[in-house]
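Trainee: Can we go through this one together? I'd like to start with the overall layout and then look at some details.

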Amino acid sequence: METVVLDDHCIQRREGSVGLVIFERDDILLRHRPQLADQTLGDIDTEFLAMLQDMRELGVRFGFVWHHTTSRSDRGARIDSATLTRLLDDLLKVSGALPDFWIEAIHSPGPVQLRRWPETSDLDVILKLTEWYDVDPTMTVLVRKGEFHHYSSTTPAFTEILYPGLSAGGRDSDRRAALVWLKTKIKHALKLP
């Protein structure tokens, strides 16, 4: 297994070989928490983890991107984020769902930009990942939780899937159905059987 650690906020390795799936980490892998609450490993959606194991068995390349807004006054939060990334990486490795990459895009309000990524827009991250893994953008999928698509037909030809997820009180059967739907959409976008 080839592992390249670029810095505390970006890990790249080559695990899969089919296409590229980019998941937003928050509210998909990790359940939503109140704004000031810390994330814990107990916030991992275990049903989603099982879907990642299936994706790995199919040889799909996947990883996670998350956005962290920081200012000069809260630089210490980056250390917590790096620690969480390492813990998540270790847990997914043990679970047989080791991601190909973790990327933190940092947005700093105000005149000073703290950057771990040359450009922090989602589109720039997607294009850089397709370049890293030498993947055709048409074989690239972005999975995000949201109600509206961010990209139009004028952007490169990757597929954007809006994952509905569920509220904390949602039924397990509904969560499983949503994950079956998501896996089917990803397989269709990557032209997998």
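Trainee: What pattern does the protein chain follow, read along the sequence?
Mentor: The order is β-β-β-α-β-α-β-α-β-β-α. That gives 4 helices and 7 strands in the protein chain. Keep in mind that this is a predicted model.

Trainee: How much of the protein chain is buried?
Mentor: Of its 193 residues, 45% are buried. The protein chain exposes about 10000 Å², and 53% of that comes from carbon and sulfur atoms.

Trainee: And what share of the contacts is between residues 24 or more positions apart?
Mentor: Counting contacts with a separation of 6 or more, such pairs account for 67%.

Trainee: How does β3 run relative to β6, parallel or antiparallel?
Mentor: The two run parallel, joined by 4 bridges. In that pairing, Phe-23 stands opposite Val-143 of β6.

Trainee: Which residues does β6 span, and where is Thr-140?
Mentor: Strand β6 is residues 140-145, and Thr-140 lies in it.

Trainee: Is Thr-140 buried or exposed?
Mentor: Buried, with a relative accessible area of 1%.

Trainee: What does the side chain of Thr-140 reach?
Mentor: The backbone oxygen of Asp-136, at 3.3 Å.

Trainee: Which residues is Thr-140 in contact with, leaving aside neighbours within four places in sequence?
Mentor: The contacts are Leu-20, Ile-22, Ile-126, Thr-130, Val-135, Phe-158, Thr-159 and Leu-190.

Trainee: Helices next. How many residues are in α1, and how far does it reach?
Mentor: Helix α1 runs over residues 46-57, which is 12 residues. From first C-alpha to last it reaches 17 Å, close to the 16 Å expected.

Trainee: Which residues of α1 are buried?
Mentor: Phe-48, Leu-49, Met-51, Leu-52, Met-55 and Arg-56. Down the axis of α1 these buried residues fall within an arc of 160°, so they line one face of the helix. Thr-46 and Glu-57, on the other side of α1, are exposed.

Trainee: Why would residues three or four places apart point the same way?
Mentor: An α-helix has 3.6 residues a turn, so residues at that spacing point the same way.

Trainee: What caps the N-terminal end of α1?
Mentor: Asp-45 does, with a side-chain oxygen 3.0 Å from the backbone nitrogen of Glu-47. Just after α1, Gly-59 has a positive phi of about 80°.

Trainee: What about α4, how many residues and what reach?
Mentor: Helix α4, residues 172-189, has 18 residues and reaches 26 Å between its first and last C-alpha, close to the 26 Å expected.

Trainee: Which residues are buried there in α4?
Mentor: Arg-175, Ala-178, Leu-179, Leu-182, Ile-186 and Ala-189. Their arc around the axis is only 100°, which puts them on the same side of α4. Val-180 and His-188 are exposed on the other side of α4.

Trainee: What covers the buried residues of α4?
Mentor: The cover includes β3, α1, β6 and β7 (159-163).

Trainee: Last one: what follows α4?
Mentor: Lys-191 follows α4, and its phi is positive, near 60°.

Conventions:
Residues are numbered from 1 along each chain as its sequence is written. This is a predicted model: local features need pLDDT of at least 70, side-chain atom pairs count only at pLDDT 80 or more; totals for chains, interfaces and linings use all residues. Side-chain values use heavy atoms; hydrogens and water are left out. Buried means under 20% relative accessible area, exposed over 50%, partly exposed in between (1.4 Å probe, protein chains only). A polar contact is a pair of N or O atoms within 3.5 Å; within protein, one must be able to donate a hydrogen and the other to accept it, and residues adjacent in sequence count only if both atoms are side-chain atoms. Contact means heavy atoms within 4.5 Å. The expected span of a helix is 1.5 Å times one less than its number of residues. The arc is that of the directions from the helix axis to the C-beta atoms. Two strands pair if DSSP finds at least two bridges between them. Accessible areas come from the Shrake-Rupley method with a 1.4 Å probe; for residues, only the protein chains shown count as cover.
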